[in-house]
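Please look over the structure shown below together with its sequence. The report that follows takes up a few local features and then the pockets.

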Amino acid sequence: MMKSNPASDHVYLNDGFKCSTISIHTNLSEQNGGSNNSVGTQGSKEFILTEDGKKVKPSRSTVECTKSWLQECSRRTFNRKTLHKKLPILGWLPRYSSQDAVGDLVAGITVGLTVIPQALAYAGIAGLPVAYGLYASFLGCFVYIFLGSCKDVPMGPSAIVALLTFQVAQGSWQKSVLLCLLSGIVELLMGLFGLGFLIDFVSGPVSSGFTSAVSLIILTSQIQSVLGITAKGNTFVEIWTQVFHNIEHTRAGDTVLGLTCIVVLLLMRSLSSCRIGPDDEEQCSSLQRVVNKVLWIVGTARNAILVVVCCLMGYLLHSEEHGAPFRVVGDIPPGLPSVQWPPTSLSANETSHGAAENFVEMVHSMGSGLIVIPLISLMENIAICKAFANGKSVDASQELIAIGTANIFNSFVQGFPGTGALSRGAVNNASGVRTPLSNIYSGGLVMIALLFLTPYFYFIPRPTLAAIIIAAVVFMIEVKVVKPMWRSKKSDLVPGVGTFVACLVLPLEWGILIGVGLNVIFILYHAARPKLSTELLTTQSGMDYMMITPDRCLIFPSVDYVRNLVNKQSMRQNVPVVIDASHVYGADFTTATVIDSLISDFNQRGQLLFFYNLKPSICAIFEQVSAAQFVVYYQEQQLDDLLKERNYTQKRSETA
């Protein structure tokens, strides 16, 4: 039963139609010359049918075509569904209630008390004066209200993005601000072109390895502030080398204060989960509820409380003659930052190497950071969205648009790149946030701090800010994922551990690139080594045959491997072989040539080979190469007919 054209000789059967209740109409009346009133497929209005039966496009002027294109774009863009997708505020604002307002107010103030000390600390990670952390923490919050799709995301600086900013900009505020603008543009373009799916290429093990390594690097970078020494470096190894080299210059006051703050923060952190009385809130007395609320507030606002206490300590212990017994933040420019275009050039005095840089040279020095920072920002942001989505889908492309636009606006008020931070997102969710409008309160608190509190920030001890960072990032080291990963699939540890080690030894962009590369290698390996299941079956007439079923598509990396396995299995049993192609959804020219060689192998042995349930599109590819010998069938009862056509007689072994 040679099949020269499976599309015409056979009907490709899809068992799903057998149980479907959908009525599918075909335009049979048109094929048979029926009337135009019959039910069927309508013809396209964009063509004119000529007398000789050809379809031609009607002649239209350029103005008409442009007008039609603009009308179509307008129809697709300015409709209710698209506007609600691109401006999520239109979805929740009409339903905004007084309960939403109260929840957002409480959550916004709570997050604001958290973000102010974190912003001061994260500026230090980025190698910038502490004021730039506040500059990056208010305008983006207002932008996210309109474009953000997740209620739990508090827009602002994060520890990981701050470290990446330091590695790219090397502590230059001009480059950091320009990096904020360019990163925002890249994020916005990625969102507009729907490239949010790129985050799917960063697997869970790679993400865990990267996050753990970055947490260790951030923790290491703050050791110098706790010890009161200077230790410059980009990688984990470089920083620790500098720490040991300068350990003899340790300041006792900084060390004592830093270690004390770390212990106090860890103890206060546990207060947020402490409860007195019954677990059920309704069964608690009024006093118990008040105490539990106070404990939660103290535990949640621990950073702000510690900064205030240590700031007072610095003020009281400061003297004009000897200063403070520990290093303090120093002067912070009062007031809001001026709105200006981000720097596009550097003078010789503003660069570390003493030579002026133009815009192209500044961008060139940022290198792969222009791609890595947007991807990592998206990864952090999506982690918050997924953590509190409660089963709802997350639009990664819309989040790219939101954080990209926020960073573009931030760059005009001298902010460095930011995104959603998971720690603040957890506080936001625990505080009962209802909508993204909570960002207006946290951003407003930052503006109040810039307007009225900056003179008092002078006395904030640097070891206290370092302790805040250390107490936060130590819980980002994802040790807990190793055990379940080992139990479920040990091979996933390879890209995870590879990413972790590479990020510690090499620059972060190389580390995550190596992790993604290891993942791609594993994917290619699985594509090149499909699994084949083998069964000995019997036809309706009692003939034995071997059914070999590959579990995925046959493409050039895997087809030689499949050929060898099929030959190896078929030579063990001198019976006809059937390759079940139900799971083969794709093939290429290389596959067709190897299939032709496989058919030749069977012909030389005098063994029959058939293909079952091969998709017509793939069947057409195979027939172009091996049409003379290629045999395919789609119904099980056809196998007996094929065996009879070839005069196959089964040779049964005699048993004693």
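## Basis of the model

This is a predicted model, in which local features need pLDDT of at least 70 and side-chain atom pairs count only at pLDDT 80 or more, while totals for chains, interfaces and linings use all residues. Residues are numbered from 1 along each chain as its sequence is written, and side-chain values use heavy atoms, with hydrogens and water left out.

Strand E5 (residues 532-538) and strand E6 (residues 544-550) run antiparallel and are joined by seven bridges; strands pair if DSSP finds at least two bridges between them. Helices (H or I, at least four residues) and strands (E, at least two) are DSSP runs, numbered from the N terminus. Five residues separate E5 from E6 in this hairpin, and Gly542 in the turn has a positive phi of about 95°. Leu537 stands opposite Tyr545 in E6.

## Two buried residues

Ser215 is located in helix H11 (residues 204-227) and is buried, with a relative accessible area of 0%; buried means under 20% relative accessible area, exposed over 50% and partly exposed in between (1.4 Å probe, protein chains only). Leaving aside neighbours within four places in sequence, Ser215 is in contact with Val473, Met476 and Ile477, where contact means heavy atoms within 4.5 Å.

Thr351 lies in the loop between helix H15 (302-317) and helix H16 (359-366), and Thr351 is also buried, with a relative accessible area of 12%. The side chain of Thr351 reaches the backbone oxygen of Ala348 at 3.3 Å, and a polar atom of that side chain lies 2.9 Å from the backbone oxygen of Ala355. The C-alpha atoms of Thr351 and Ser172 are separated by 7.9 Å, although the two residues are 179 apart along the chain.

## The two largest pockets

The largest pocket holds about 1100 Å³ of space. Of its 42 lining residues, the closest to the centre are Ala421, Leu422, Ser423, Phe475 and Met476. A pocket is an open set of points on a 1 Å grid over the protein atoms alone, where a 1.4 Å probe fits, with protein on both sides within 12 Å along at least five of seven lines, and lining residues have an atom within 4 Å of a point; a volume is the space filled by probe spheres set on the points, which are joined across faces, edges and corners. Helix H19 (residues 422-430) gives the most to this lining, with six residues.

The second largest pocket has a volume of about 750 Å³, and of the 25 residues that line it, the closest to its centre are Ser149, Cys150, Lys151, Lys392 and Ser393.

Technical notes:
Polar contact = N/O pair within 3.5 Å; in protein donor to acceptor, adjacent residues only side chain to side chain.
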